[in-house]
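Hi,

Here is the structure I promised to pass on. Could you open it next to this email and follow along?

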Amino acid sequence: MTGIVVGAGALYLWSTAVVDTADEIEFDTPLSVPPLAESTIDGEGRRVFDLEVRQGEHEFIAGQSTPTWGVNGDYLGPTLRASRGEQVLVNVTNDVGETTTVHWHGMHLPARMDGGPHQMIDPGETWSRTWRIEQPAASLWYHPHLHGNTLEHVYRGVAGMFLLDDERSGRVGLPGEYGVDDFPLIIQDKKFAADGTLDTGEGMVAPVGLLGDTIAVNGTVGGYLDVTTEKVRLRLLNGSSGRFYDFGLADGGTMTMVASDGGLLPAPLEIDRVLLSPGERAEVVIEMAPGEEKVLRSHPNDLGLGPWDGRFTGAQDTLDLVQLRAADTLAPSAEIAAELAPAPDLREEDASTTREFRMSGNNINGRRMDMSRIDEVVTVGDTEVWEVRNSNGGTPHNFHVHDVQFRVLDLDGAPPPPELRGWKDTVYIRPNTTVRILMRFEDYTDPDFPYMFHCHLLQHEDRGMMGQFVVVEEGGSAGTPPEHDH
């Protein structure tokens, strides 16, 4: 009898695990586009942004109000924008009634400005940090990083884009007018309780944690985007906690990929799919004909998992995300340059150190995150190879490193595909696979204040799959991390 019940339960789980919304979404709501954050220039020449993390309500489903968090609004946050060489000052006020943090994902900056788990912002407190933008044009983002509660705070809605510009990015023919032919798309999955509140419960089989069956793009479910130009640039951000997306067009057409996490690719890349794990970004340009409609879809993907694990990680799901609607008359768009940016200038032969990281269970190298422990000590100016292995046979992981953008050397000894040959700060690591990444640690040292490395599947991160490193001067050693740095 027990075996029959277990068998029936397993069959039910199996049969209900796949979500397929292909051609089922009505696309009847204009896509919300996060506003550009207002800024001022202070007496020291710094670009100043004022952000407030607050509670709110958001209507994902028509007629149903959901309690949420947002930044300067009810849900998500404005898009910050700054140029290379600018000094920025960001003031973050916490008005949600709980301690949180705000981390600048992908940003090269001093550790004390990073917004990691040590930099907690208590209720009613304003956290202010300033740094100079010293990296190429890129689509970065910001989100909470509170140890043990990152998933919940991001899921409630605290996330936004941070766009960087430089001289080169404005002269390679890319669509670049924000909200006209250049749009951020923050893709997140949601699950709702009967009363409309966000459901944070995990399924009985949940190797990647929370998986929602409703997809919101910039907070819009079933959104359409009116396109008025021949080409449109989409800055894709996987802002979900555990879901992977294999982005492509529903009709199988091609897109032009122009950038990855850390900035422009060396050259435009014609693709029909791009897989993004949580935290990863990609920029694609889609060409439209007058009056044409196209649907951006997440296709079933190969995460290197068996049928059972793949089914319960969402790898077999088909998800229609947003519809593009071209006007009957389209403004002309420039031709994209054949060369976009220099290839990453890191050479493996210049590496002075190789470090090994093994991801298994909720551990890295057999240890869970300890806020008081420094796991690695790096010397400023050094170039290093990090060998990261996913030793979990049935669980996908990715790997994110704070402060640096890295070059992917190889995946289990094979050269990376073209879409991984630009600057990256987060990379997917298939089960039983080793990925080697190459990075250089420049500019900033602090023996006491650490940066993080971790899996960016937020359930895994919250459960301890994270470590800390400090960057020190030649001959330096690790100090003691602060318990709570204001």
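Predicted model: local features only at pLDDT ≥ 70, side-chain atom pairs only at ≥ 80, totals over all residues.

Strands here are DSSP runs of E with at least two residues, helices are runs of H or I with at least four, and both are numbered from the N terminus. Two strands pair if DSSP finds at least two bridges between them. β30 and β31 (residues 466–472) meet that with four bridges, running antiparallel.

Residues are numbered from 1 along each chain as its sequence is written, and side-chain values use heavy atoms, with hydrogens and water left out.

Back to β30 (residues 451–454): Y451 and F453 point one way, M452 and H454 point the other way, and all are buried (under 20% relative accessible area with a 1.4 Å probe, protein chains only; exposed is over 50%, partly exposed in between). Two antiparallel bridges link β30 to β26 (residues 397–401), and F453 sits opposite V401. β26 in turn is joined to β28 by four bridges, again antiparallel, with F399 facing V427 in β28.

Put together, that is an open sheet of five strands with mixed pairing, in the order β24-β31-β30-β26-β28. β24 (376–379) and β28 (426–429) are the edges; each has a single partner strand, so one side of each has no neighbour in the sheet. On average, neighbouring strands of this sheet are turned by 25° against each other, direction ignored (axes are lines fitted to C-alpha atoms, for helices over the stretch in contact, and angles run from 0 to 180 degrees between N-to-C directions).

There is another open sheet with five strands and mixed pairing, ordered β23-β22-β25-β29-β27. Its edges are β23 (363–364) and β27 (407–411), each with a single partner strand, so one side of each is left without a neighbour in the sheet. β22 (residues 353–360) runs antiparallel to β23 over two bridges, with M359 opposite I364. Two residues lie between the strands of that hairpin, and G361 takes a positive phi near 55°. With β25 (residues 383–390), β22 pairs in the parallel sense over seven bridges, and R358 stands opposite R389.

On a 1 Å grid over the protein atoms alone, a pocket is an open set of points with protein on both sides within 12 Å along at least five of seven lines, and lining residues have an atom within 4 Å of a point. Of the 26 lining residues, R84, Q135, P136, D345 and W423 are the closest to the centre. By class, the lining has 10 nonpolar, seven polar and nine charged residues.

Finally, the whole chain: it has four helices and 31 strands, and 58% of its 486 residues count as buried. Its C-alpha trace spans about 65 × 60 × 50 Å along the principal axes.

Cheers

Methods. 1 Å grid on protein atoms, 1.4 Å probe; cavity = no way out; pocket = protein on both sides within 12 Å on 5 of 7 lines; lining within 4 Å. Nonpolar A, V, L, I, M, F, W, Y, C, P; charged D, E, K, R; others polar.
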